[in-house]
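Reader: I'm new to protein structures. Could you show me how to read one, a feature at a time?

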Amino acid sequence: MFIIPVIQVIQLSFTNYNTITGSMSAAGFSNYVYLLTGSTSEYFYQALGHTAIYAAVQLTFDVTLALLIAVMLDANVPLKKFLRASYFAPVVVPIVASSLIWIWFYDVNIGPFNQILSWLGLPACKWLLSEKTSLMSILIFSIWKGLGYNVVLLLAGLQNISDSYLEAGRIDGATGWQLFWKIKLPLLRPIVSFVVMMDLIGAFKVFTEVNVMTPDGGPLRSTMLIVNYIYELAFTNGRMGRASACALILFIIIFLCTLLQRKLGGSKTVDLD
Amino acid sequence: MRLGHRKLVHRNWILFVILLIGALSMLFPFVWMTLSSFKTKADVYSFPPRWLPTVWTWENFKAVFDMIPFLRYYLNSIYTSVLQTVLVMLVSILASYALTKMRFPGQRTYSMFLMSSMFVPAVVTMIPLYLTVSAMGLADTYAGIVLPQISTAFTTMLLSSFFAGIPNDLLDAARLDGCGHFRILTKVVMPNTKGAISTATLFSFLTAWKSYTWPLIITTKTEYRTLPIGLKYLVTESSSEYQIMMAASLMAILPVLIAFIFCEKQLVRSITLTGMKS
């Protein structure tokens, strides 16, 4: 189911197949040369740069916030199930449907965000309509959407830590803070690194919210992420060869990230059940 | 010890308040959507924003059906999601049984390929799949939407881990009673893994229901659009009639909402199980 398409995409990346003109001939490395050094290479680096920023910001917020929330949920709080479900809800809702709500939130004139800003006496923000804030707006949405996934995984990890470790720590006189830093966090490391990897890979696959909220890649292509660029190359411009080359570069990046994570995060298996 | 005991009884209200504020802000967009779908246009444009509609109206829901072929989209989504779920489950149940309870040459290699396919992002295979499916004349057909999405790696891995847990002695006993593979699967293995199968089914359905990129690429005709694609175009077609957009979103979320309220535990489980073998 996947080996054949992968071979095909490699083959395609060495052709100049164009679905609009219908031309198809061998092209050697020209697609790669075009992407990396051609007249529109800035689009490629721009998309890659946006994706890197997106990945870094989303990862930082979603992992730290989720860790905080998971630790708090692990404490003895009432309505635990309701709370967990609330954080998890945005994960299961179709992205298009929630994007529609956020398009309204970001509306410059009648969006609740700008109404709050004006109520606070602050100047209005252009959100999705300005190249300065559009990527940030997408990111706020993504952080909201992705948080629950990490919370659920980290909470399951925390609840799985055997009480005997914590009891041993308490007998040795460890404070709650020490218990967290010296016992819980090290034991949680495999899951934290798993969550980091999933977020990182996820960031390189983002497409839907950008495509719905900023259909043409936002003002001055400011929300153009790598997958959106591949989509544009393939299905707007019909350049299947170039798009395939770009997809393969993305694949190599994701593959390297996975390897790096395995090296850094240790190869311990994560067992949550 | 006494400290530990007291902790069990003593509830942490400060953390609760912080968590509750967080949880309510996570839910805010959905509450806003639900309330707004009953608002009139005047309420939507009012400043300061109104929480509750002044008059509760069903007009927006009606407008969705008048403005776009929403019923067509809805039926398309139900049809393709159900079909996809059935096929995914059929393939992955059979594959999981073969992988865990049968012996055949190349078994390990096959498992390895299956595992590694989970690391190939869909965008990499998207272009060849699009070209192949189009060449087969399946663009703008239900088969074209469903077939390429039966990538069973996740559900197969999930079910395999449960199938593997069924003791082989149980299977041997059934075999002695004269059961073939099919009866062992349906009478022994599946009844013992009901929980896992229902979790996988629910997960597959929701995945199909929210599927966006592939249906967007493979359909050009309105009559084959699924709900997510219809919603995307509604943004331009309704030109910022937010109350109508919210009504459409609410209806699109409804099946997910029902699944979420009744099977939240299973959904969470399908996520935590992903982390089992990374």
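**Reading a helix and an interface**

Author: Gladly! This is a predicted model, and we can start with helix 11 of chain B, residues 181–192. Its 12 residues reach 15 Å from the first C-alpha to the last, close to the 16 Å expected at 1.5 Å a residue.

Reader: Which residues of helix 11 of chain B are buried?

Author: They are Ile184(B), Leu185(B) and Val189(B). These three lie on the same side of helix 11 of chain B, because they cover an arc of only 95° around the axis.

Reader: How should I think about sides of a helix?

Author: An α-helix has 3.6 residues a turn, so residues three or four places apart point the same way. In our case, the face of helix 11 of chain B turned away from the buried side carries the exposed residues Phe182(B) and Pro191(B).

Reader: What covers the buried residues of helix 11 of chain B?

Author: The cover includes three helices of chain B: helix 5 (70–101), helix 9 (153–163) and helix 10 (168–176).

Reader: And how do I read the place where two chains meet?

Author: The size of an interface is often given as the accessible area lost when the parts come together. Here we can count residues instead: 66 of chain B are in contact with 69 of chain A. Several helices of chain B each supply at least two residues to the side touching chain A, among them helix 2 (13–36) and helix 12 (194–210). Helix 15 of chain B gives the most, with 14 residues.

Reader: Which classes of residue make up the side of chain B that touches chain A?

Author: That side has 48 nonpolar, 12 polar and six charged residues.

Conventions:
Residues are numbered from 1 along each chain as its sequence is written. Chains are lettered from A and ligands numbered from 1 in the order in which they are written. This is a predicted model: local features need pLDDT of at least 70, side-chain atom pairs count only at pLDDT 80 or more; totals for chains, interfaces and linings use all residues. Helices (H or I, at least four residues) and strands (E, at least two) are DSSP runs, numbered from the N terminus. The expected span of a helix is 1.5 Å times one less than its number of residues. A residue is buried if 20 or more other C-beta atoms lie within 10 Å of its own, exposed if 12 or fewer, and partly exposed in between; C-beta atoms are placed from the backbone. The arc is that of the directions from the helix axis to the C-beta atoms. Two residues are in contact if their C-beta atoms, placed from the backbone, lie within 7 Å. Ala, Val, Leu, Ile, Met, Phe, Trp, Tyr, Cys and Pro count as nonpolar, Asp, Glu, Lys and Arg as charged, and the others, Gly among them, as polar.
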